[in-house]
Amino acid sequence: MFGLEALDLARIQFAFTISFHILFPAITIGLASYLAVLEGLWLKTHNDTYRDLYHFWSKIFAVNFGMGVVSGLVMAYQFGTNWSRFSDFAGSVTGPLLTYEVLTAFFLEAGFLGVMLFGWNKVGRKLHFFATVMVAIGTLISTFWILASNSWMQTPQGFEIVNGQVIPTDWFAIIFNPSFPYRLMHMATAAFVATAFFVGSSAAWHLLRGKDNPAIRTMLSMAMWMALIVAPIQAVIGDFHGLNTLEHQPAKIAAIEGHWENKGDEATPLILFGWPDMKEEKTKFAVEIPYLGSLILTHSLDKQVPALKEFAPEDRPNSTIVFWSFRVMVGLGFLMIFTGLWSLWLRKRDSLYTSRPFLYLALWMGPSGLIAILAGWFTTEIGRQPWVVYGLMRTADASSNHSFMQMSITLIMFVVVYFALFGAGLGYMMRLVRKGPKTDEGKETNDGGPGQKRTPARPLSAADDDGAEADHSPSLTKEI
């Protein structure tokens, strides 16, 4: 069907499941740190706005965390079901790394998550804040181990091959492989940026509909400060990451650039747009800027970038896909930087919260961080092809011996179940976002928090079936 084989369906299935999964950890990483900052600011300033925002975003965090755990378990099982030969070859490296992630990050998160979500008026303030910080640290530790495993597959070292299996010889070299620091910084920063635009978009949505209060303004303000500071930093990290990729995976860079051959000693141009044709071995309709490719990728005006024709056809990544996925990521990155700079200009003019053109931009930029993350993952994973472990094992040699019919049935089942299950979860999460933070303006309030008569954060009680405001009384029967 459509010229696809069982291997192609296995790759599509893994790409489909990881594309769903990666969205949830990205927001989890960013929101966990955001919640720690909000609670810390509330403890320091006693400003109830930060407390109200904490309660609001903790509910969304809880739903997102749950979906991330479920989608991650399914993805992990596929290493055994669909990629058993890969597990047999490299499981002695990837298995322990994923186990370390569970023993450190997941247990840390699970141990403190209950206190964070349900212990608001049951434990002391400092202990509750400590729990929130531990959950945030847990998400970053999880990122550390997952990226260590993935980066080893991109730039493997610290091993030897015995009887067709990878045997670890230096765990420090395995974990801190050449691409790991750049991938870790790039992914963690991407999660913070994606969360910033998610939060900023939520605030813009409410402001455009006339819901203007200190909590909404604080959401937008904090999000735009994060965008202004972190988006340019991400661009710098991306540049270092590109130099590292050029050194260790030159074929990937050639495919990203749609660059087929060098001409004499001429510097490499930058192809802004075009259509790389893998069969004709050229990039059609190319719009080029002379010298810029060499300047960006080698930081010189005379060095050349490796070309695709320097590699055997069977060793070339699919340039058509990675060429455009990379440009989607970079284009959105520039839009993020522009949005941050515009917010600074409006802030100085005291019109950040009232400029409707800007608010519409912030609204539409809501999913930009997540789309950029997906585009970046497509670039790095498809650009690694045809290798599953770069230079050691080809993807064609890593899959299980399943038939086309078996893979077709399971892929269809995954698509149906994922859209039904996670579609409902995402719909519920967006319903929470539309409700906005509940504030106590005009009411008699206390400081809230541990030891006070205030409802703890209840992740799944924020949106009633009829869309009415949830009851925030402290009655225990409401909790059940």
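Modeller: Val416 sits in helix H13; helices are DSSP runs of H or I, at least four residues, numbered from the N terminus. This is a predicted model, where local features need pLDDT of at least 70, side-chain atom pairs count only at pLDDT 80 or more, and totals for chains, interfaces and linings use all residues. Residues are numbered from 1 along each chain as its sequence is written, and side-chain values use heavy atoms, without hydrogens and water.

Colleague: Why is Val416 called exposed?

Modeller: Exposed means over 50% relative accessible area, buried under 20%, partly exposed in between (1.4 Å probe, protein chains only). Val416 has 54%, so Val416 is exposed.

Colleague: Why is Ala307 called buried?

Modeller: Its relative accessible area is 1%. The limit is under 20%, so Ala307 is buried. Ala307 lies in the loop between helix H9 (292-298) and helix H10 (319-348).

Colleague: What is Ala307 in contact with, leaving aside neighbours within four places in sequence?

Modeller: Ala254, His259, Trp260, Glu261 and Asn262. Contact means heavy atoms within 4.5 Å.

Colleague: What makes a set of residues a nonpolar core?

Modeller: The members are buried Ala, Val, Leu, Ile, Met, Phe, Trp, Tyr and Cys, joined through side-chain atoms within 4.5 Å. The largest one here has 89 residues; Trp57, Ile60, Phe61 and Met219 touch the most other members. Helix H1 (residues 6-45) supplies the largest share, 18 residues. A second, separate core has 13 residues, including Ala227 and Leu332.

Colleague: Which residues does Phe61 contact, beyond neighbours within four places in sequence?

Modeller: Thr28, Leu31, Ala32, Leu35, Leu113, Met116 and Val135.

Note on methods
Helix = DSSP H or I, 4+ residues; strand = E, 2+ residues; numbered from the N terminus.
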